[in-house]
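Please walk me through this protein model, going from a single residue to the sheet, the helix and the pocket.

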Amino acid sequence: WLDKSGKARHATQTVDANRPTISSTDVFNKQQYLTFGDPKYLDIPTAAFMAGSNYCVIAAVSRQSARGAWLGGTGISNQVTSGWVGISGTTYDFSQGTVSTQGIVSAYSGNNTPTIVCMTHSSTLGKVLYINGTAVATSTDLTNLSAFDLPTIGKSVTSSSFFTGAIGELVFLNNVPTQIVRQCLEGYMAWKHTGVGSALPSTHP
């Protein structure tokens, strides 16, 4: 999966059987997307630029099962070198170290409509999880990642939590965007990957 930032941090998978499938259907408004499921995932060579700083991750995600981590890094649940985001039943979980910021979403019903998910971390303001443009959970934890090594897309670092679903786009920022910039990114993804902006609140610009 090519990195379009110019930094050549391409997500790769060298094992044929573990490679996600490239698809293009109405699920993502006929845009190309990657389909994941055990044992399919991608490795990112590094996300060190997220360590020791503020960061933001925005994605267009379509889940096809009730569980699974779609972004993971080392140390998953017990140290500040970890981070992951995934789905557990009706909960979106944005975790860093032992801090978990959870937002309740609708129970899985077989609806594959993409969701626009945004996670932000600020060393002065804490963490916020946005679902379709609306803040659904916050944390006052100010701890930066001390590292984010061997990140994976499609599973947690431990192979026990694969994501079953699809990802249309994934954006990493080493800062927390202003509200208007965040909303512009959410709007861009909503229109590109759903064809309409209806997934976002009516007050969303």
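**From an edge strand to the pocket**

Thr 138 has its place in strand E11; strands here are DSSP runs of E with at least two residues, helices are runs of H or I with at least four, and both are numbered from the N terminus. The model is predicted, so local features need pLDDT of at least 70 and side-chain atom pairs count only at pLDDT 80 or more, while totals for chains, interfaces and linings use all residues. Residues are numbered from 1 along each chain as its sequence is written, and side-chain values use heavy atoms, with hydrogens and water left out.

Thr 138 counts as exposed because its relative accessibility is 61%; the classes are buried for under 20% relative accessible area, exposed for over 50% and partly exposed in between, with a 1.4 Å probe and protein chains only. Along the chain, Thr 138 and Val 128 are ten residues apart, and their C-alpha atoms are separated by 4.4 Å.

E11 belongs to an open sheet of seven antiparallel strands, in the order E1-E2-E13-E4-E9-E10-E11. Strands E1 (21-23) and E11 (134-139) stand at the edges with a single partner strand each, so one side of each has no neighbour in the sheet. Pairing requires that DSSP finds at least two bridges between two strands. On average, neighbouring strands of this sheet are turned by 30 degrees against each other, direction ignored; axes are lines fitted to C-alpha atoms, for helices over the stretch in contact, and angles run from 0 to 180 degrees between N-to-C directions.

Within that order, E4 has E13 on one side and E9 on the other. Eight bridges join E4 to E13, and seven join E4 to E9. Ala 59 takes part in both pairings: Leu 170 is its bridge partner in E13, and Val 117 stands opposite it in E9. In a regular strand, side chains alternate between the two faces of the sheet. In E4 both faces are covered, with Tyr 55, Val 57, Ala 59, Val 61 and Arg 63 buried on one side and Cys 56, Ile 58, Ala 60 and Ser 62 buried on the other. Nine of the nine residues of E4 are therefore buried.

E13 (residues 165-173) also pairs with E2 (residues 33-36), in the antiparallel sense over three bridges. Ile 167 in E13 is the bridge partner of Leu 34. Helix H1 (residues 179-194) lies across E4, E9, E10 and E13, and runs at about 155 degrees to E13. Contact means heavy atoms within 4.5 Å.

The largest pocket holds about 890 Å³ of space. On a 1 Å grid over the protein atoms alone, a pocket is an open set of points with protein on both sides within 12 Å along at least five of seven lines, and lining residues have an atom within 4 Å of a point. Its lining has 30 residues, and Trp 1, Leu 2, Asp 3, Lys 4 and Leu 170 lie nearest the centre. E2, E13 and H1 each supply at least two lining residues, and E13 gives the largest share, five residues.

Buried residues make up 50% of its 205 residues. Of the contacts with a separation of 6 or more, 62% are between residues 24 or more positions apart.

Terms used
1 Å grid on protein atoms, 1.4 Å probe; cavity = no way out; pocket = protein on both sides within 12 Å on 5 of 7 lines; lining within 4 Å. Points joined across faces, edges and corners; volume = space filled by probe spheres on them.
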